[in-house]
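I opened the notebook to look up the pockets of one protein model. My notes follow the order of looking.

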Amino acid sequence: MSAISLDRWLQHLHEHLPIARLGDDPEGVHQVRVAVRRLRVWLRLAGMRVLEDDLAWLVRAAGQVRDLEVLLQHPGLPRAFQKWAVHQLQHAREQFIPLLDSPRLAGLLRALASLPPLDSTKAEARIERFIQQVERRADAWHSEDTIENLHALRRALRRLRYAREWLGHNSNTVKALQEIFGRVGDLSFILDYLQAFEAEGGQPPSRYRSRLEVDLSEALIEAQKAWEQHRD
């Protein structure tokens, strides 16, 4: 029997929390979320529910900051929309940064450091659950072709990918699908933020919205084709 320690990704989390605090590099918040999501999968492979709520809290807390950082890296943003997004990011960071000094985060980090290594044999037996979740999400997307169901499938694929990587299995196919689906996610939330901007009186060029909608339609077609090829 071999054991799998969570130390690598716990250390990754520790290293990127200060970068996330500074806010100079978008990779800071992104890598915090990556580390937390990988740790959540480790817990599921271990059959543990302890700390799940705290890890989910940290991912959610960083979510709007990450979304806005991705938005601001998107090419061709109209100037007024970009200025609005910068203001929204500043506000999101004002909400996020105090959480990095909270007793809840300090307690979470201490608790993670105290967990014993994962029994890889038991973890192998649990990976089927990740596959089943992907299949359920895929069936839901097939039954009701919505972006929300596609997002749910993308999240399930990400968890399966991380589970396979914890166990040392190849995950290239799953990773490629996740990345294709991720483009749909990026474009859809940019459109959501554009709608919020318009609701506050913003007036972006109509051609900008049209281009985003065309790009999203193309990304959805690509995602559907990629999934069909994978199922075949």
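Which residues line the second largest pocket? I note that the model is a predicted one. I found Arg-44, Gly-47, Met-48, Arg-49, Arg-126, Arg-129, Phe-130, Gln-133, Arg-136 and Arg-159 in the lining of this pocket. Sorted by type, these residues divide into 2 nonpolar, 2 polar and 6 charged. I looked up the main contributor, and helix H6, residues 120-143, gives the most to this lining, with 5 residues. The space in the second largest pocket comes to about 210 Å³.

Next entry: the largest pocket. I noted a volume of about 1100 Å³. Its lining is made of 34 residues. Nearest the centre I found Arg-33, Arg-37, Arg-154, Arg-158 and Asp-186. I then listed the helices that each supply at least two lining residues: H2 (27-45), H3 (52-73), H7 (147-166) and H8 (172-199). Of the contributors, H8 gives the most, with 11 residues. By type, I wrote down 9 nonpolar, 7 polar and 18 charged residues for the lining of the largest pocket.

I located Pro-75 in the loop between H3 and helix H4 (79-96). Is Pro-75 buried or exposed? Its relative accessibility is 60%, and the cut-off for exposed is over 50%, so Pro-75 counts as exposed. I also looked up a distance: the C-alpha atoms of Pro-75 and Ala-85 are separated by 14 Å. Along the chain, Pro-75 and Ala-85 are 10 residues apart.

Conventions: Residues are numbered from 1 along each chain as its sequence is written. This is a predicted model: local features need pLDDT of at least 70, side-chain atom pairs count only at pLDDT 80 or more; totals for chains, interfaces and linings use all residues. Side-chain values use heavy atoms; hydrogens and water are left out. On a 1 Å grid over the protein atoms alone, a cavity is a set of points where a 1.4 Å probe fits but cannot get out, and a pocket is an open set with protein on both sides within 12 Å along at least five of seven lines; lining residues have an atom within 4 Å of a point. Grid points are joined across faces, edges and corners, and a volume is the space filled by probe spheres set on the points. Helices (H or I, at least four residues) and strands (E, at least two) are DSSP runs, numbered from the N terminus. Ala, Val, Leu, Ile, Met, Phe, Trp, Tyr, Cys and Pro count as nonpolar, Asp, Glu, Lys and Arg as charged, and the others, Gly among them, as polar. Buried means under 20% relative accessible area, exposed over 50%, partly exposed in between (1.4 Å probe, protein chains only).
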